[in-house]
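Hi everyone, thanks for coming. Let me put the structure up on the screen, and then we can walk through a few places together.

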Amino acid sequence: MPATKTTTKRTRAARASENVFTDEERAAVQATARERKSQARLSPQEEREAGEEEVRAKIADMPAPDREMGERIHALVTKTAPVLVPRTYYGMPAYAKDGKVICFFKPKSKFKVRYASFEFQPDASLDDGEMWPVSFAVTKLTAGVEARIAELVKKAAG
């Protein structure tokens with residue numbers, strides 16, 4: 001009986017069908033690589049100006065409901081915590097302190113989900129006991145929601 005050799009290599013087609021990330025997730029990772037590269041060579045003032053421009057461009061590219069919410073949140077965050085530097089984070093509007101993203105707005109259109117969210121990173125100073133929320137679903141920006149975001153941003157900016 002002749003010995004048969006089997007291969008353990010996967011074909012390109014087999015690998016392509018086993019994608020771990022969605023197209024949107026891959027695009028977000030590529031966006032953050034571009035963001036980090038462009039920010040590495042800027043002065044603090046240039047970083048703020050470039051970040052403001054990038055954030056406004058990302059918001060302008062959003063579909064109408066996300067764009068309206070993004071504009072209002074951007075105005076709210078920059079007014080509440082002017083110390084935070086606008087920038088993009090995985091292609092989303094974000095706000096950083098000392099080079100670290102503190103919070104960001106994730107539009108529902110970004111990953112095709114049912115609601116937008118406003119989220120905080122570990123460097124945000126929101127600690128409250130042994131457990132606290134860091135991601136907030138936002139379906140509508142009411143006066144109460146805006147007040148809560150402002151309160152959290154102020155605390156996160158420390």
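Let's start at Ser117, which sits in strand β4, the stretch of residues 116-120. Keep in mind that we are looking at a predicted model. Is Ser117 buried or exposed? Its relative accessibility is 4%, and buried means under 20%, so Ser117 counts as buried. Its side chain makes a polar contact of 2.7 Å with the side chain of Glu119. If we skip the neighbours within four places in sequence, Ser117 is in contact with Phe104, Phe105 and Lys106, and also with Ser135, Phe136, Ala137 and Val138.

Now please look over at Ala156, which belongs to helix α5. Ala156 has a relative accessible area of 3%, so this residue is buried too. Which residues does Ala156 touch, not counting those up to four places away in sequence? They are Ile102, Phe120, Ala124, Ser125 and Leu126. Take Ala124: 32 residues separate it from Ala156 along the chain, yet their C-alpha atoms are 4.4 Å apart.

Helix α4 covers residues 64-80 and α5 covers residues 143-157; their axes come within 9 Å and cross at roughly 40°. That angle is why α4 is called oblique to α5. The crossing is right-handed. On the α4 side, the contact is made by Arg72, Ile73, Leu76, Val77 and Thr80, while α5 brings Glu146, Ile149, Ala150, Val153 and Lys154. Sorted by class, that contact has six nonpolar residues, three charged and one polar.

That's my tour, so over to you for questions!

Definitions and conventions
Residues are numbered from 1 along each chain as its sequence is written. This is a predicted model: local features need pLDDT of at least 70, side-chain atom pairs count only at pLDDT 80 or more; totals for chains, interfaces and linings use all residues. Side-chain values use heavy atoms; hydrogens and water are left out. Axes are lines fitted to C-alpha atoms, for helices over the stretch in contact, and angles run from 0 to 180 degrees between N-to-C directions. Helices (H or I, at least four residues) and strands (E, at least two) are DSSP runs, numbered from the N terminus. Angles under 35 degrees count as roughly parallel, over 145 as roughly antiparallel, 65 to 115 as roughly perpendicular and the rest as oblique. A crossing is left-handed if the near helix is turned anticlockwise from the far one by less than a right angle, and right-handed if clockwise. Contact means heavy atoms within 4.5 Å. Ala, Val, Leu, Ile, Met, Phe, Trp, Tyr, Cys and Pro count as nonpolar, Asp, Glu, Lys and Arg as charged, and the others, Gly among them, as polar. Buried means under 20% relative accessible area, exposed over 50%, partly exposed in between (1.4 Å probe, protein chains only). A polar contact is a pair of N or O atoms within 3.5 Å; within protein, one must be able to donate a hydrogen and the other to accept it, and residues adjacent in sequence count only if both atoms are side-chain atoms.
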